[in-house]
Amino acid sequence: MTQTALKWGVNPADVPVFLRELWELVADQLQLITSVTLTGFRQRPLPGSQGARQIDADRLLLRASRGLWRCQACHRAHLRPTPLMKCLAWRCTGILVKENENPDNYDLMVLDGRFDMLRPREHSAQIPAADREELERLFKGDGDRVNTLVCTPTLELGVDIGALDSVLMRNVPPLPSNYGNVRVALAGAIGWLSTSPMRELTLMIVPTSMTH
Ligand SMILES: [Zn+2]
């Protein structure tokens with residue numbers, strides 16, 4: 001903390017007073033740091049933790065930020081600008097420079113994307129027929145309670161399940177007739193997910209309502 005205070009331009013002789021007043025500001029006046037009793041086994045106070053303080057989580061706010069500030073000497077990234085743009089790394093005298101987000105960064109694009117939650121249900125002979133019909137009804141309906149069916153050939157035999165966005169096949173069908181039965185008619189897009197030594201064929205079907 002002393003080093004940080006010096007970086008911020010505090011006169012060396014004034015550092016102890018500065019740090020004391022800074023603590024009084026965040027702990028007493030702003031109440032950002034509150035007294036806590038740390039407990040361990042059976043809620044007993046942890047020995048040696050009297051007088052502990054911690055940041056009050058109720059006073060924290062999350063704010064979206066764009067870009068970061070990078071030290072030009074040690075390249076450490078800072079999430080926000082510092083006083084006088086000084087790097088806070090130990091013994092580094094570097095200066096921070098704003099670094100804008102790369103609009104082509106795939107990870108950031110994924111984070112900012114709009115997500116639709118998959119709500120998958122199993123559709124196989126293990127599921128009683130009445131439950132399967134209920135599943136098909138939910139899947140075809142306007143709601144989003146079930147928007148993905150993971151199914152065996154139970155869904156192959158002429159079941160109308162409405163509009164689809166995509167179908168993924170986990171294995172090559174054992175016979176051309178299996179492929180022709182329903183799957184081509186089910187959706188415009190059919191993708192092979194993988195081949196497996198098992199002869200079982202599994203479909204993953206997603207309705208068109210998920211394409212936004
Ligand atoms: Zn640095």
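First, ground rules. This is a predicted model, so to speak of local features we need pLDDT of at least 70, and side-chain atom pairs count only at pLDDT 80 or more, while totals for chains, interfaces and linings use all residues. Residues are numbered from 1 along each chain as its sequence is written.

Confidence next. pLDDT is the predictor's confidence in each residue, from 0 to 100. The protein chain averages 79, and 76% of the residues score at least 70. Over residues 187–202 the pLDDT is below 50; beyond near neighbours in sequence, that stretch has 36 contacts in the model. A contact here puts two C-beta atoms, placed from the backbone, within 7 Å. Residues 208–212 also stay under 50, with ten contacts beyond four places in sequence.

Now the overall content. The protein chain has five helices and ten strands. These are DSSP runs, numbered from the N terminus: helices are H or I with at least four residues, strands are E with at least two. Of the 212 residues, 10% count as buried. Buried takes 20 or more other C-beta atoms within 10 Å of the residue's own; exposed takes 12 or fewer; partly exposed is in between, with C-beta atoms placed from the backbone. Take contacts between residues at least 6 apart in sequence: 51% join residues at least 24 apart.

On to the crossover. Strand E6, residues 120–123, pairs with strand E7, residues 148–151, in the parallel sense over four bridges. Pairing needs at least two DSSP bridges. His123 has Cys151 in E7 as its bridge partner. From E6 the chain crosses through helix H4, residues 129–140, to E7, and this β-α-β crossover is right-handed. That is, with the strands pointing away from the viewer, the path from the first strand over the helix to the second runs clockwise.

Which residues of H4 are buried? Arg132, Leu135 and Phe139. They cover an arc of only 60° around the axis, which puts them on the same side of H4. The arc uses directions from the helix axis to the C-beta atoms. E6 and E7 are among what covers them. The face turned away carries exposed Ala130, Glu133 and Arg137.

Last, helix H2, residues 15–29. The number of its 15 residues buried is zero, so H2 lies largely in the open. Gln31 follows H2, with a positive phi near 55°.

Terms used: The expected span of a helix is 1.5 Å times one less than its number of residues.
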